[in-house]
Amino acid sequence: MKTVMYVLAVVMLSFVCNMDVQAQSKKDVKTRTKQLIKEGWKVEGTTTIQAALARIEGQRGSKEILVGSSYGSKKMNLAKAKARNNAINEYAEYGKSMVKGRINTELADINEEEVDNLVEGFERMVVRELEGEISVPELVLYRGENGNYDVQCFYLVDETRAARVRANAMKKALEEADIAHEYGNKISNFVKEGFDNAK
């Protein structure tokens with residue numbers, strides 16, 4: 001009987017915690033929506049900012065959210081292309097700093113030039129790999145004055161695909177840096193571990 005009560009208590013606690021997370025998420029979406037509207041952002045398409053943000057937030061558990069920005073473009077299509085590139089570059093930069101930190105912490109016997117070559121190669125490969133993964137934004141926000149457009153594009157990337165992008169990028173960077181035979185598996189494993197722990 002005690003076991004049954006314990007299981008019921010755990011189930012109820014997880015349900016209450018899940019409701020708290022959902023309530024916090026809804027509050028965050030409302031707050032963010034108000035801020036965006038105050039800043040003059042409008043949504044491209046027929047949805048509302050709040051509905052689009054809520055939909056994106058609802059997928060956060062299985063997706064990674066990438067946001068890219070572009071400011072002062074004369075044409076909307078150019079602004080969106082720049083925002084897409086910004087999202088890819090921001091993601092690659094985040095990955096680069098994660099990889100560099102993990103290598104510096106775990107492998108003291110790799111010289112600085114090898115680390116820099118590996119990290120730069122990783123960043124370049126992530127950009128290349130992501131090019132095919134994100135194309136259509138889930139949400140486009142824009143504002144414009146005097147024929148200049150500011151744009152924010154929100155993209156969703158499946159976590160499994162994102163992990164595959166990072167793994168492929170690391171494999172290619174290791175081959176390019178010509179240290180794969182000596183450190184390849186060790187670096188790949190602790191970098192993967194680092195990204196998993198960062199979630």
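Seven bridges join strand β3 to strand β4 (residues 148-158), and the two run antiparallel. The model is predicted: local features need pLDDT of at least 70, side-chain atom pairs count only at pLDDT 80 or more, and totals for chains, interfaces and linings use all residues. Residues are numbered from 1 along each chain as its sequence is written, and side-chain values use heavy atoms, with hydrogens and water left out.

**Overall make-up**

- The chain's secondary structure comes to six helices and four strands; helices (H or I, at least four residues) and strands (E, at least two) are DSSP runs, numbered from the N terminus.
- Read from the N terminus, the order of elements is α-β-α-β-α-α-β-β-α-α.
- Of the chain's 199 residues, 34% count as buried; buried means under 20% relative accessible area, exposed over 50%, and partly exposed in between (1.4 Å probe, protein chains only).
- The chain exposes about 12300 Å², of which carbon and sulfur atoms supply 51%; accessible areas come from the Shrake-Rupley method with a 1.4 Å probe, and for residues only the protein chains shown count as cover.
- Among contacts between residues at least 6 apart in sequence, 72% join residues at least 24 apart; contact means heavy atoms within 4.5 Å.

**Sheet**

- Four strands make up an open sheet in the order β1-β3-β4-β2, with antiparallel pairing; two strands pair if DSSP finds at least two bridges between them.
- β1 and β2 (63-73) are the edge strands, each pairing on one side only.
- Helix α2 packs on this sheet and touches β1, β2, β3 and β4. The direction of α2 makes about 145 degrees with that of β3; axes are lines fitted to C-alpha atoms, for helices over the stretch in contact, and angles run from 0 to 180 degrees between N-to-C directions.
- Strand β1 (residues 42-43) pairs with strand β3 (residues 139-145) in the antiparallel sense over two bridges. Here K42 stands opposite Y142, and V43 opposite L141.
- On the β4 side, V140 has C153 as its bridge partner.
- The hairpin of β3 and β4 has two residues between the strands, and N146 takes a positive phi near 55 degrees there.

**Nonpolar cores**

- The largest nonpolar core holds 30 residues, among which L66, F122, V126, L130 and V151 touch the most other members. A nonpolar core is a set of buried Ala, Val, Leu, Ile, Met, Phe, Trp, Tyr and Cys residues joined through side-chain atoms within 4.5 Å.
- Helices α3 (76-106), α4 (112-131) and α5 (159-177) and strand β4 each supply at least two residues of this core. The largest share, nine residues, comes from α3.
- Leaving aside neighbours within four places in sequence, L66 is in contact with A87, Y91, L130, I134, C153, F154, Y155 and V157.
- A second, separate core has 12 residues, including L36, A52, L139 and L156.
- In soluble globular proteins, nonpolar side chains tend to be buried together.

**Salt bridges**

- The structure holds seven salt bridges, a salt bridge being a side-chain nitrogen of Lys or Arg within 4 Å of a carboxyl oxygen of Asp or Glu.
- K80 and E44 meet through their side chains in a salt bridge (3.2 Å, N to O). The pair links distant parts of the chain, with K80 in helix α3 and E44 in the loop between β1 and α2 (49-58), 36 residues apart. Both ends are partly exposed: K80 has a relative accessible area of 22%, and E44 one of 34%.
- A salt bridge also joins the side chains of R55 and E138 (2.9 Å, N to O). R55 lies in helix α2 and E138 in the loop between α4 and β3, so the pair ties together parts 83 residues apart in sequence. R55 counts as partly exposed at 37% relative accessibility, as does E138 at 31%.
- The side chains of D150 and R143 form a further salt bridge (3.1 Å, N to O). D150 is buried, with a relative accessible area of 17%, whereas R143 counts as partly exposed at 24%.
- K96, E120 and E123 are linked in a network of salt bridges.
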